[in-house]
Amino acid sequence: MRSFRILLGHELRMLLVSPATYIAATLFLVVMGFIFAGILESFTSAAQEGSPAGTFFQLFWIPVLFMVPLLTMKSLAEERRLGTLETLLTTPVTTPQVVFAKFFAAYALYLGLWASTGGFFSILQLFAGTSYRLDSGPLIGGYLFITVSGLLFVALGIFASSITRNQAVAGILAFVLLLLLVIGTRYTSTLELLKLDSMASTRSAIDYVQIFTHLDDFTRGVIDTRQVLFYLSGSTVALLFSIFGVEAKLLHS
Amino acid sequence: MPAFAPEPATTTPAIEVSDLVKTYAGITAVHRISFTVARGEIIGLLGPNGAGKSTTLRILTGYLPATAGRVTVCGVDVAGHPAEVKNLIGYMPENNPLPDDMRVSEYLYLRGRLKGLTRRRLHPRFDEVVQLCDLGRVRHRIIGNLSKGYRQRIGIADAIIAEPPVIIMDEPTIGLDPHQILAVRDLIAGLRGRMTVLISSHILPEVEATCDRVIIVNQGRVVAAGTPAELRHERLGPGHYELELAGPLAALPSLLATLHPGLALVSAPDAPDADGFASLSLTAPRDAPDLREPLVNALAHDSRFRLRALTRTRHTLEDVFLAATNPKTEGLKV
């Protein structure tokens, strides 16, 4: 536990002193700001269903698909490429401690980036002068969804980073995994094949992992423990495989 | 001493390797290596590239699992108690990987903390290590901007910072200039007696200068072990003699035969110089004793010869290494 605290502290410090973090954060806010401004514009031009917050979180997949691979691809792949993983693992530190420290550091940065988008809503409130458009329910639900789903997304990124020493491969792999999870499941559910009666169990399984359905439920204030459990168990499995990934690579290095 | 208290210094050897085997996907990198290192010894693990040196060291640190065999460090089994063994070892890997984006002090503090030193113990120890490794001038510099010599010394500082009883360094002087090699050598020699040091290398003069004992490995096997002097004697005998001699050289072989039956001229002597002296080189068989004194006596007492110089050319560890790792040389199979 002590080693984990030292490692996590080290990872967070390195994030804070690294210029790359601030550049990434700025660019993230620029992209998200454009998206937010676009949403507000559409709300002023015509009547819309739902609230700006709801629509804003509907587009969560854009930053997830691009930011998560970029945040996580370096973590373990770089350590292995440089060989610093070897110096690290020959101190009294275990592989799970290293993987969890990397995971929580990336997760903290992910949450920090998302938290900074809260500024958009407070600016909106400041200038609108009214909280009429700012439904706090979807806002809280949306951020809760980001917090819970981020566990799985970041864990997948860490997993991708654990099985290669090439950052680019890790980044692309993370991107593909996230794309399959977020967009792939949505696409699969529209397949004619699944409408067959014999596929009923598969269909219900795919319905269960619909990320967009989870988001709708969260923003509507429905917090289903099954969904929370899905993200928790999913991230646990991804991290376990990351640990196996690091150790299997040691066996064959 | 780290948080984990090792057994009393005299009872167990620092490192004990018996019948170690490591195979990678069908390729045998290490084949039944066995050796023992006593406490406080400085040992050189010598061998050509790909001989299995790094693999052996990695198994010793618990970083890689062995396929078969038993490895203990200060009496602790590496396979059974990897966490405890990591407390007993300071390890510097090959090429000494370091994070380029940290400062020297930050890095050493982090490593010290990870190795279980408390903040209170780390502060004085950090100053000590920085002084020992002569890192004072660069302690606040970014590691990525430092020269290879400094980086190497950071690796050594990292290995010794927690004062482990055993230090393992994989090619500590690779890529250094002669000044830096000398500095690193002094540093290692400074650890003598306090810590057990195992270094791997294929730079022979360095091993000869620093190590108490040498283990030569080739193709995953130990082909020779002993002190450099022992190895020289065992492998190649007392060696060659060079002399400068004036007189009837044709009569020399019969004289040599009376001293030792195996003593012979290596080749036909050169033409004598202006003073009438010719340079000769003689070779003695491996089991022959030192023949310098009998040679001097015999030649001085024989009125036909005048002797101007006699030296024994000593074999270097390089000759031993080449002999031991050459598949054609007899005595390779141990």
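**Strands and cores, checked against their rules**

Mentor: In chain B, strand β1 (residues 15-24) pairs with strand β4 (residues 68-73), antiparallel, over five bridges. The model is predicted: local features need pLDDT of at least 70, side-chain atom pairs need 80 or more, and totals for chains, interfaces and linings use all residues. Residues count from 1 along each chain as written, while chains are lettered from A and ligands numbered from 1 in written order.

Trainee: Why are β1 and β4 of chain B said to pair?

Mentor: DSSP must find at least two bridges between two strands. β1(B) and β4(B) have five, so they pair. B:E16 stands opposite B:T72, for example.

Trainee: What makes the 131 residues a nonpolar core?

Mentor: They are buried Ala, Val, Leu, Ile, Met, Phe, Trp, Tyr and Cys residues, joined through C-beta atoms within 7 Å. Buried means 20 or more other C-beta atoms within 10 Å, with C-beta atoms placed from the backbone. This is the largest core, and A:V154 is among those with the most contacts inside it. Helix α9 (residues 136-162) of chain A gives the largest share, 12 residues.

Trainee: Which residues are in the second core?

Mentor: This separate core has 12 residues, including B:Y241, B:L243, B:L252 and B:L282.

How values were computed: Helices (H or I, at least four residues) and strands (E, at least two) are DSSP runs, numbered from the N terminus.
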